[in-house]
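Visitor: I am new here and would like to know what the terms rest on. Could you show me the model and take my questions one at a time?

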Amino acid sequence: MDLFLPPGSGDLPLHRRRLEAACRSAMGEPNILGMLIGGSFASGEADVYSDLDMQLVVQDEAVEATSRELRRMAEAAGPVVASFYAEHVGDPHMLIVLYEDLIHADFEPVAVSNVGPRNAGRAAHVLWERDRVVSSALPGTHEDDDATDLRWIEDRVWTWSWYIQTKVLRGELYETLDGLQYMRDNVLFKLLAMHRGERPSGARRVESRLGEWAQQFADTLPELSGDSMMNALRATMTLYQALADPLLNRYRVEPARAARAAALGALEAGFDWNPPKSGPTPQL
């Protein structure tokens, strides 16, 4: 079988050596129908810090059995100093490997029926295949339901804003840091991807995609002080509105007006916020 290494891999000899060895090992496994690589090697952005994001395409019923053999296949590509399965990112069948030369490689078994959806909207380079079974599945189709995603975010983000503010008010600065990072990763970067017509990929190489919002994203990064945290939260919610409101309008998603008013009012008050005076007890 022919092996087609991605363009640019010749400039990264350590990566190329591991990738080629991994492919040769997998070619000897009858259950593996082909391999492809994603990430920066497929998009032409690879550098010395890049991972080898390898997908091993198998018949649907062979994913689990192949997963059990990944350590053996990984070791055939070089001396392994660490390996573990990726259940922490929701993929218990994928093996993450670190080689002694610090090349980081992911070995992910992918069911042939899932090759298209798994790679839709993402760069993918076929390394080798049997009977064009991998190529015939690419490019896949992936239908994002942006309206549903926007509704889900808008229904939650104002409660999250108030939750983070309570951490600032309590002086729980590290909890605040976690909350602000969650908002960037799961809200702001996702909305940015929607504006760009891309599939969300968190903070991966996002610096080149910020465009006109670069300074506003920078303003969401606080120092470790209460005042800085409060300002970063205000910047986060201002940026949220700048990104979300045009999308909400485009997809005809109604803003959560009552939640917005309550959360923004508290945020405007900042450290001067006080619980509202109790009103009359409702009649049951």
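This is a predicted model: local features need pLDDT of at least 70, side-chain atom pairs count only at pLDDT 80 or more; totals for chains, interfaces and linings use all residues.

Visitor: What makes a crossing left-handed?

Guide: The near helix is turned anticlockwise from the far one by less than a right angle; clockwise would be right-handed.

Visitor: Why are α7 and α9 called roughly parallel?

Guide: Helix α7 (residues 173-196) and helix α9 (residues 226-250) pack at about 20°, with axes 10 Å apart. Axes are lines fitted to C-alpha atoms, for helices over the stretch in contact, and angles run from 0 to 180 degrees between N-to-C directions. Angles under 35 degrees count as roughly parallel, over 145 as roughly antiparallel, 65 to 115 as roughly perpendicular and the rest as oblique. So α7 is roughly parallel to α9.

Visitor: Which residues make the contact of α7 and α9?

Guide: Contact means heavy atoms within 4.5 Å. On α7, the residues include Leu 173, Leu 180 and Met 194. On α9, Gly 226, Tyr 240 and Leu 247 are among them.

Visitor: How do the residues of that contact divide by class?

Guide: They divide into 18 nonpolar, four polar and no charged. Ala, Val, Leu, Ile, Met, Phe, Trp, Tyr, Cys and Pro count as nonpolar; Asp, Glu, Lys and Arg count as charged; the others, Gly among them, count as polar.

Visitor: Why are α6 and α7 called roughly antiparallel?

Guide: Their packing angle is about 160°, with the axes 10 Å apart. The cut-off for roughly antiparallel is over 145. α6 and α7 are therefore roughly antiparallel to each other. Their crossing is left-handed. Trp 160 and Ile 164 are among the α6 residues in this contact, and Leu 180 and Val 187 are among those of α7. By class, the contact has 13 nonpolar, three polar and five charged residues.

Visitor: What makes α6 roughly parallel to α10?

Guide: The axes of α6 (residues 146-170) and α10 (residues 257-269) come within 9 Å and cross at roughly 20°. That angle makes α6 roughly parallel to α10. The contact residues include Trp 158 and Trp 162 of α6, and Arg 260 and Leu 264 of α10. They divide into seven nonpolar, two polar and two charged.

Visitor: How many helices and strands does the protein have?

Guide: Ten helices and six strands. Helices (H or I, at least four residues) and strands (E, at least two) are DSSP runs, numbered from the N terminus.

Visitor: What makes β3 and β6 edge strands?

Guide: The six strands form an open, mixed sheet in the order β3-β4-β5-β2-β1-β6. β3 (80-86) and β6 (125-129) each pair on one side only. Two strands pair if DSSP finds at least two bridges between them. Six bridges join β3 to β4 (residues 91-99), and these strands run antiparallel. Phe 84 has Ile 96 of β4 as its bridge partner. Four bridges join β1 to β6, also antiparallel. There, Leu 36 is partnered by Val 126 of β6.

Visitor: How do you know that β6 is largely enclosed?

Guide: Buried means under 20% relative accessible area, exposed over 50%, and partly exposed in between (1.4 Å probe, protein chains only). Five of the five residues of β6 are buried, so β6 is largely enclosed by the rest of the structure. Across the protein, 43% of the 284 residues count as buried.

Visitor: Why does Arg 132 count as exposed?

Guide: Its relative accessibility is 54%, so Arg 132 counts as exposed. Arg 132 lies in the loop between β6 and α6. Its phi is positive, about 55°, although it is not a glycine.

Visitor: And why does Arg 252 count as exposed?

Guide: Arg 252 has 81% relative accessibility, so it counts as exposed. Arg 252 sits in the loop between α9 and α10. Arg 252 has a positive phi of about 55° and is not a glycine.

Terms used:
Residues are numbered from 1 along each chain as its sequence is written. Side-chain values use heavy atoms; hydrogens and water are left out.
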